[in-house]
Amino acid sequence: MLPRKRAGGGEVAVEGEGRPIYNESLIKKHCIETTAAATGSPATATTAANVNTNSSNSGNASSHSNTSSSIMTLGNGNQQDIDEDLHSRQLAVYGRETMRRLFASNVLISGMNGLGAEIAKNLALAGVKSVTLHDEGVVELWDLSSNFVFAEQDVGKNRALACIQKLQELNNSVLISTLTGPLKKEQLSDFQAVVFTDLSVDKATEFDDYCHTHQPPIAFIKSEVRGLFGSVFCDFGPEFTVFDVDGEDPHTGIIASISNDNPALIACVDDERVELQDGDLVVFSEVDGMSELNDGKPRKVKNARPYSFNIEEDTTNYSTYIKGGIVTQVKQPKVLSFKTLRDAIKQPGDFLLSDFSKFDRPPLLHLAFLALDKFVVELGRYPVAGSEDDAQRFISLVNSINDNAGDEKLEAIDKNVLRHFAFGARAVLNPMAAMFGGIVGQEVVKACSGKFHPLFQFFYFDSVESLPTEPLDPNDLKPLNSRYDAQISVFGAKLQKKLQDAKVFIVGSGALGCEFLKNLALMGVSCGKQGKLTVTDDDVIEKSNLSRQFLFRDWNIGQAKSTVAASAASLINPNFNIEALQNRASPETESVFDDTFWENLTVVINALDNVNARLYIDGRCLYFQKPLLESGTLGAKCNTQMVIPHLTENYGASRDPPEKQAPMCTVHSFPHNIDHCLTWARSEFEGLLEKTPAEVNAFLSAPKEYASAMKNAGDAQAKDNLERVLECLEKERCVEFQDCITWARLKFEDYFVNRVKQLTFTFPEDALTSSGTPFWSAPKRFPRPLQFSTDDMSHLHFVMAAAILRAEIFGIPLPDWLKAPAKIADAINRVIVPDFEPKKGVKIETDEKATNVPTSSIDDAKAIDELVLKLETCRERLEPGFKMAPIQFEKDDDTNYHMDLIAGLANMRARNYGIPEVDKLKAKFIAGRIIPAIATSTAMATGLVCLELYKVLDAQHKLEDYRNSFANLALPLFSIAEPVPPKVIKHQEMSWTVWDRWIVKNNPTLKELLQWLQEKGLNAYSISYGSCLLYNSMFPRHRDRMDKKMVDLAREVARAELPPYRRHFDVVVACEDDEENDIDIPQISIYF
C-alpha cells in the first residue's frame, strides 16, 4: 500500500505574537507517542502541523498504540509501526530496535545554515520522532550557496521558518517544528540530542554543562563548517552505553575439533575464515562430546588465527570432543565517559585522524576554531575574504591561545593554513556541509539509539588542496551580489565561472545521484550559459527509495528517477541547465552517448549501484580521456575514488575478489547456514512460479516450433524442460483453489519430508566416506524430516502462501474463507498424502565442483519424442486460449506473498537441518539481496567527491593534491589518501599508460599500419577487431590483405557495422620488439 501523499503547498501566515498558523492538511503525524513535547514549547515555537488542539494529538497516539501488523512477529507487544517497505534499506543497517529508539527521539538543531539543513534532512529521512529547528537570524543571499531549502524569495525571512515546509515534505512521520527566539538552557530538557552549528564557545560551554549534568544526560554536539575547514565535538554524558560498537553481525564458525588442553585449542572447518580477534568473547553450542562447553557461558578468545583460536579455559579433564559444534561471538556493550566541552577544550586528548599526510593538522585547527570564536566576539564579524589585516589579526589570536596552552602548546604554527582559514571563515560551502551533515547526522542517531561507536570527542577536517593552484587575487574573492558569493569568497570568481560552464555527465539518479544533483545545483555547476549537465537513469521510483533519495516524494512513485530528480534540482537553482535521459549507459546506447557527446564532456560523475556499469563508464572515460569521480556506499561505509587522466590509475585497474558462491551440492542437499536455505528457496520460487509457467507459455504460443527446438537440442536440459511443462499441465494442473491447497500441501511433504527421508536413506547418520571418515562431519548437518501439523502456524502459513501464488499463475480467484485459519486447516486436512518409501540407487550429488548442468544420455532423444507426443495430447484437452501468468519475484511488496513463501521455504528447510530460523524481514535482506543503505553515508560520500570536483574543474592540480577516501561512520573511521598513479610501460624512448590511445589518421592500409608501428620499433604479428582476426603474420593468405584499407578489412572480414556517427574504429594489436619480447601497447584508433 502506498503511503499517504506527502505535504505540499501549505503556506505560512504569521499572526499575533509570531505564531505561524499552518494549513491543517500540511502534515499528518505518524508516531506512536503524543506530540506533547512539541505543544509544550514556548510561544515562539511552531510546527508544520496544526497542533492547536490536544485532542488530535491524543487521538493520534491512541490510534497508533493500538495498531498491530500481521507480519511483525518480534518485539514486546508495545512495538511501533515500522513501515518496512519504506525503511527496508535502513532497517538492514540499524535493525528494528534501533529504529524504534529513533522513532521515540526528539532532536534540536540550532543554526539553520547549510550544515543545519543537511543534518535536519538526514534526520528526517532516518525517521526520528521530531526535529525542532532553531534560528534567530534571517535568510541572506549568501546562504543560497549551501542551504538547499532556501530560494531567492526566502531572503529576509527567518531561517528556521523558511526551512520547515520543505523539510517536512521529506517525511510526514517526523514532526518538524521551529523556535525563533533566544534559546534558554532549560528548553534543552525537551530533547534527547541537541546540535549547534553556529554557537559561541561561551554559550556552548554553558549549554553543554547543562546537558552533561542533566538526568538523563542530553547528547550535545557542536559542529561548524568554515570555508574548507570543519569541526565536530560530541559529549554524550558521563556514562554513555554503546550497545553495538560496529553494527556487524556476530562472527560464527563451525567447529572441526577441540583439544583437551590448557588452554584449549579450537579448530574450525576451512570453509570460511573465522573473523575473531584476541579478547573477543564467544559461546559454544551443539558440541557433541565435550558438552561442558554448551553451558552458554561466554569465554575469552586468545591467539586468534584464520581457522583456529584458543580459549582461556582448561579442558584437560572435560569429556572428549566427538563432532559438531558452533562458536558464536558475543558482542559486548561498551561504556564511554565523555568530558565536558569546558574540560575538553583545555585537554582535547587524541584527535580522530582522517588524512595521515596531515598528522599535525588537528591540533592546529583546534586552536584556529577557538581563535575564530575570539575574533567574532571581539569584532562582531568574521574575517573578510582576502583581507591580509584580518588574517594577521586572526593568526596573532592563534599564537596568543597557543602561548597559553601549557603542555598542549604547539611548537610550530602553519601560517599559510591559518590564512586560508581566515579568508573562508564566513563561508559555509555545500560540499563541506554535505560531508559534515552526514557525520553529525550519524552521531545524532548514535546518541539516540546506542547503535555504533560515537565520535570521541573532537574531529577536525580540512580540504585546502581544493583551492585553485594559482594564488588568489583578493579582488577575485569579493562578493558579486550573487547566490554563489560564499563560494566565490573561498575560490574566487574565475573558478566559479569554470564551474558554471562545466559540461557534466551524472550516471544514475538514485541516492547518490540525488545528493550530487543537489550539491551541484548549489555550487552553480553547469548553471552558466555554456554549461550543461546530463543525468541518465533507466529506473523508476519505488517506495523504498524515499528513505534516502530525498528529491523524490511518494506521489512520484512509478515515475522516471532522472526526470523527477532533474525537476527537483532545478527548483533548488533555477539556472541549472540540466537534461534528464532514461537510457542505461551501455554498449547498446552508444548511438545516444556517441563520440561527440563524450568528447564535449568536462567531467563524469558515477552514481551507480553495480560494478559492471561502473566498469563500462570507466572504459568510456579511459577511451575519451575524461575525469571520472567514483563513489559508493554500503550501510554506514562509503568510499570515493578519483580517476584523473594520466595522473591516477583507472577504476578497473584493481578489482575486489569475486564473492564466494556456495557449491551446488551444499545448497541442494547439505546446507549449514540460513543463507544456503534462502538461496535454495529463491531458486525454487523462481523455478515453480516464473520459469516453468513461462516455459508452458512458450510451448502453448508456438507448439510446433517449441517441439522442434526441443528435439533439435536433444539434451538433458530439453528433456527436463518438457517434463516440467507436462507435469504443470497434466499431473499438477490446478482448476480450483482446493487443487492449489493440495499442490502446496504435497510440496511441503516433498520438500521437507520425502527428500529428507531419501537423503538420510542414501547417507545414514553413521555413513562413512571412501577414506573412512564420518560422512556427516562438519560442516554437514544431519537433517530430520518434519511432521506436518495444521496446529503449527508456520506450516499453515507456508501452505497458504504457496496455494495463493499457485492460484495466481493459473488465474484462479481466491475464496473468502482464506481469512479463516480453521477453514484453511480443514481444506488442508482433506488432502490425501501418499506414503513415501525411499529408493535404492538414487544419485545425490556430493561433489562440490559439480555444476547444475545435467549430463546428456543416448536415451534423451527417445524420451523427448515421447514427451512431445504426450504434451500435444495434453494441449488438446486445454480450453482455447489457456495461458499461465508467470510471477516475477518482487521483494518490496509485503502484500504479494512472495517473501512469505520464500521465508517459509527457507525456514522449514532450516528446521530440517537444525539451523536457526529468521523472520521475514531478515529473509528479505538475504533472498532479496538488499544492499544496506542510509542517507548519512551517502551525503558524506557526495560531499567528499564534490571537494574533488573543485580540483578537477580547476584542471591544474597534481596527483598529490587529489584524495581517495574510505569512511565507516559506525566506528567512526576516516581514511583519506592520495590516489595510486597508473602503471607505466616503457619501450625504447617511449612510455605510456592505460590512459594512452594511439591514433592513426588518413584511413591507412594494413601495410601502412604495420610500417607505422615498425617506425616505433614494434613488430605487429596480430591485429584484431573485436573477436575477429584481421591479420596474423603466421597465415600466408593474410599477406594478400596488405594493400587493403583497414576500414575495408573491418567491414569485409569482421562484418563490422560502423554507424554513420562513428568516424573511427579500434583495433587491438599484439606486438613484439626486435628481441621477440612481447610489448603491451595501447589500443589503436584508426580514423577513416
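In this predicted model, K780 is placed over the face of F670, 5.3 Å from the ring centre, where a charge counts as sitting over a ring if NZ of Lys or CZ of Arg is within 6 Å of the ring centre and within 35 degrees of the ring normal. Local features need pLDDT of at least 70 and side-chain atom pairs count only at pLDDT 80 or more, whereas totals for chains, interfaces and linings use all residues. Residues are numbered from 1 along each chain as its sequence is written, and side-chain values use heavy atoms, with hydrogens and water left out.

**Charge over a ring**
- R909 has its charged end over the ring of W680, at 4.3 Å from the centre of that ring.

**Aromatic pairs**
- Across the whole structure, 49 aromatic pairs are found, a pair being rings of Phe, Tyr or Trp (its six-membered ring) with centres within 6.5 Å, stacked with planes under 30 degrees apart, edge-to-face over 60 and tilted for the rest.
- The pair of F748 and F798 is edge-to-face because the planes stand at 65 degrees, with the ring centres 5.8 Å apart.
- This pair links helix α22 (residues 737-762), which holds F748, to helix α23 (residues 793-810), which holds F798, across 50 residues; helices are DSSP runs (H or I, at least four residues), numbered from the N terminus.
- F810 and F882 form a tilted pair, 6.4 Å centre to centre with 35 degrees between the planes.
- F810 lies in helix α23 and F882 in the loop between α25 (860-877) and α26 (898-913), so their pair ties together parts 72 residues apart in sequence.

**Burial**
- Both F748 and F798 are buried, meaning under 20% relative accessible area with a 1.4 Å probe and protein chains only.
- F810 and F882 are likewise buried.

Notes. Helix = DSSP H or I, 4+ residues; strand = E, 2+ residues; numbered from the N terminus. Buried < 20%, exposed > 50% of the residue type's maximum accessible area, 1.4 Å probe, protein only.
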